[in-house]
Amino acid sequence: MGPGPPDRQPAQISRRYSDFERLHRNLQRQFRGPMAAIAFPRKRLRRNFTAETIARRSRAFEQFLSHLQAVPELRHAPDLQDFFLLPELRRAQSLTCTGLYREALALWANAWQLQAQLGTHSGPDRPLLTLAGLAVCHQELEDPGEARACCEKALQLLGDKRLHPFLAPFLEAHIRLSWRLGLDKRQSEAQLQALQEAGLTPTPPPSLKELLIKEVLD
């Protein structure tokens with residue numbers, strides 16, 4: 001659930017026992033001291049799939065993740081961020097690239113919610129990648145208003161990072177969507193023109209969808 005208004009919808013993910021084991025091993029290898037005090041739920045050899053065992057293990061994993069989140073050194077660990085986000089982002093990217101926009105939109109939205117709920121830095125470009133995915137899917141599903149709102153959020157995050165590869169594609173998308181909606185696009189046009197005149201982006205810049213297809217998530 002994370003912090004925030006009580007009516008906020010929780011983000012949801014599904015992970016296997018082996019995913020938790022891999023996370024535990026990786027964190028133990030990197031953070032031997034902090035991990036020494038955190039218990040990991042063990043597998044039972046018998047009666048492993050009874051309702052009672054599953055419920056007990058579920059509560060144990062909730063405690064395990066809560067303990068990880070309570071330690072700042074672990075909470076910001078890339079492996080923990082990858083555990084929460086990477087499978088969703090990869091699946092959303094794959095669905096977007098194959099044109100399954102409605103299915104992809106649900107995953108991008110969940111990933112965005114998850115990043116907000118975790119309240120931690122999930123990597124410098126993952127929020128931008130998520131907003132690009134949301135913008136592309138909303139646009140393809142004929143919702144230009146939501147697509148433009150995603151572009152505006154991304155441009156706020158980017159600020160004055162003129163060399164960032166996401167900047168020109170978001171500006172180009174914002175201009176096109178603003179034109180479609182009859183909204184002011186002059187500031188974005190001026191920014192994009194300045195980038196092109198400085199030789200910082202090609203004319204025309206790559207689209208957000210092209211950016212998503214080329215982005216390697218690792």
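Reader: Is Arg22 buried, partly exposed or exposed?
Author: Arg22 has a relative accessible area of 41%, and therefore counts as partly exposed (buried is under 20% relative accessible area, exposed is over 50%, partly exposed is in between; 1.4 Å probe, protein chains only). Before we go on: this is a predicted model, where local features need pLDDT of at least 70 and side-chain atom pairs count only at pLDDT 80 or more, while totals for chains, interfaces and linings use all residues. Residues are numbered from 1 along each chain as its sequence is written, and side-chain values use heavy atoms, with hydrogens and water left out.

Reader: OK. What does Arg22 form a salt bridge with?
Author: Asp19, with the closest N and O atoms 3.2 Å apart. A salt bridge here is a side-chain nitrogen of Lys or Arg within 4 Å of a carboxyl oxygen of Asp or Glu.

Reader: And how are Asp19 and Arg22 placed in helix 1?
Author: They sit three residues apart in helix 1 (residues 17–30), so about one helical turn separates them. Helices are DSSP runs of H or I, at least four residues, numbered from the N terminus. In general, an α-helix has 3.6 residues a turn, so residues three or four places apart point the same way.

Reader: How many salt bridges in the whole structure?
Author: Eight. One of the others joins Glu152 to Arg148 at 3.0 Å, N to O. Both of those residues are in helix 8 (residues 144–158), four residues apart. Glu152 is partly exposed at 31%, whereas Arg148 is buried at 13%.

Reader: What about Lys185, which residue does its side chain meet?
Author: Glu189, in a salt bridge of 2.8 Å, N to O. Lys185 is partly exposed at 22% relative accessibility, and Glu189 is partly exposed too, at 30%.

Reader: Changing topic: is Phe64 buried or exposed?
Author: Buried, with a relative accessible area of 1%. Phe64 is found in helix 3 (residues 51–70).

Reader: What is Phe64 in contact with, leaving aside neighbours within four places in sequence?
Author: Phe20, Leu23, His24, Met35, Ile38, Ala39, Phe40 and Pro41, where contact means heavy atoms within 4.5 Å. Phe20 is 44 residues from Phe64 along the chain, and their C-alpha atoms are separated by 9.6 Å.

Reader: Staying with helix 3, at what angle does its axis cross that of helix 5?
Author: Roughly 130 degrees, and the axes come within 11 Å. Axes are lines fitted to C-alpha atoms, for helices over the stretch in contact, with angles from 0 to 180 degrees between N-to-C directions.

Reader: Which residues meet there?
Author: Leu65, Leu68 and Gln69 of helix 3 meet Leu80, Phe83 and Phe84 of helix 5.

Reader: Last one, helix 7. How many of its residues are buried?
Author: Twelve of 15, so helix 7 is mostly covered. Among the buried ones are Leu128, Leu131, Gly133 and Cys137. The buried residues of helix 7 pack against helix 5 (78–97), helix 6 (101–118), helix 8, helix 9 (167–181) and helix 11 (208–214).

Reader: And what follows helix 7?
Author: Glu142, whose phi is positive, near 60 degrees.

Note on methods
Helices (H or I, at least four residues) and strands (E, at least two) are DSSP runs, numbered from the N terminus.
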